[in-house]
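Visitor: Hi, could you walk me through this one? I'd like to ask things as they come up.
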Amino acid sequence: MHQGKKLVLSKFGQDREDAIENILALEASPTPEVGKLQPHDVLIGIRSASVSFVDLLMLSGQYQKMPPLPCVPGMEYSGVVLATGSDVDGSNFAVGDRVLSDFLVTGPRSNGAYQGDGGWQTFAVAPEQGVHKLPDCLSFDEGCNLLLNYETPYYAFINRAQLREGETVLITGASGAAGMAAIQVAKILGADVIATGRSDKKLKQVKKFGADHVINTSPRPGEEGIPRFRDEVKALTGGRGVEVVFDTVGGEVSQEAMRSLGFGGRMVIIGWAQNTKVAKGGGKRGSENADRLPTNIMQMKGLFVMGSPMIIHSDRDPSIRIPRLESVFKWASDGLLTPVVSHSYPLEDYKRAMYAKISGEVNGGCVLNPEPFLL
């Protein structure tokens, strides 16, 4: 029998680094027997699997969803259909089709029987409804960085902030996967984009990707802490400030971004990448180190500050996802969405991939590439 490989998480680490160094293990994985596939199963030979910020938080149980252990992590992957169950409609999926996984239906962020079968492996079994055809214009690397990254800003801008054409949005952490996606979605919706980040090199790429203006939020020479970039934002907006903030960073950047809003502005919280200690490691939960925002600024400016729990809301009401998926796939097929992937590594080189993501070396997405496998 042919052998594949898989990364197995047997317990939660105290933090991401502990899980990467001491717990994640590369193991042999025998090929699933086609005759034992459930009627609506699809066997996929994985070509690319994303390494996302959320994936790494899951390794220590510091994300709100904790998969049962042991499991194969990796929320999103793309690959080739190797076999299908007896009741899979051939007009939907056939052997050889290029597909991508749906992270809400299969893998560690899903519910049910397929939660332990993520993308960090040579092949995976997914339910038929847990895969989608990969748009022809996207590569495997791009495909495994499509749904989570683009559904996040769609929900934030359309369902939460109700971003309108002609408004200006400030995107923090814009060189990350979600930030890069947010630039494209905001531009599709007709907004102007001001993007922030800590690297001039990355910000040049962000500008090429569609941002109208960029601001480096690294400490200025001779100064400490986050600069007063609200002044730059207001200069770029004729003194009024932005209408919407899309915040992925948290901490001091988040507070300064809030001060960049005009009166009655809307701030959408996506995450707090600067504060990975919100929850305890080792799967112990709790939020004793929660991020904080100044309520006096909210009051004086009449701000709307809102969370953007795209996945949680979609679990509670799947109907809200239908137009979102339709839009993301149509935009992708029309060539309007182009996920950025700056780093890719063989599956065996997973430690380098994960540390590149943690260190901020990555611009956009980071991918693991299992060796191609055919039955």
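Visitor: How many bridges join β12 to β13?
Guide: Four bridges link β12 (residues 261-269) with β13, and the two strands run parallel. Strands pair when DSSP finds at least two bridges between them; strands are DSSP runs of E with at least two residues, helices are runs of H or I with at least four, and both are numbered from the N terminus. This is a predicted model, where local features need pLDDT of at least 70 and side-chain atom pairs count only at pLDDT 80 or more, while totals for chains, interfaces and linings use all residues. Residues are numbered from 1 along each chain as its sequence is written, and side-chain values use heavy atoms, leaving out hydrogens and water.

Visitor: And what stands opposite M267?
Guide: That is V305, in β13.

Visitor: Which order do the strands of the sheet take?
Guide: The open sheet has six strands, ordered β10-β9-β8-β11-β12-β13, with parallel pairing. β10 (213-216) and β13 (304-307) are at the edges with a single partner strand each, so one side of each has no neighbour in the sheet.

Visitor: Which helix packs on the sheet, touching β9 and β10?
Guide: Helix α6 (residues 200-208) does, and its direction makes about 165 degrees with that of β10. Contact means heavy atoms within 4.5 Å. Axes are lines fitted to C-alpha atoms, for helices over the stretch in contact, with angles from 0 to 180 degrees between N-to-C directions.

Visitor: Switching topic: how many disulfides are there?
Guide: The count is zero, taking a disulfide as two cysteine sulfur atoms within 2.5 Å.

Visitor: Is C144 buried or exposed?
Guide: C144 is buried, at 0% relative accessible area, whereas C137 is partly exposed at 43%. Buried means under 20% relative accessible area, exposed over 50%, and partly exposed in between (1.4 Å probe, protein chains only).

Visitor: At what angle do α4 and α5 pack?
Guide: Helix α4 (residues 147-160) and helix α5 (residues 177-188) meet at about 55 degrees, with axes 8 Å apart. They are therefore oblique; under 35 degrees is roughly parallel, over 145 roughly antiparallel, 65 to 115 roughly perpendicular, and the rest oblique.

Visitor: Which residues make that contact?
Guide: Among them are Y150 and F157 of α4, and A181 and V185 of α5.
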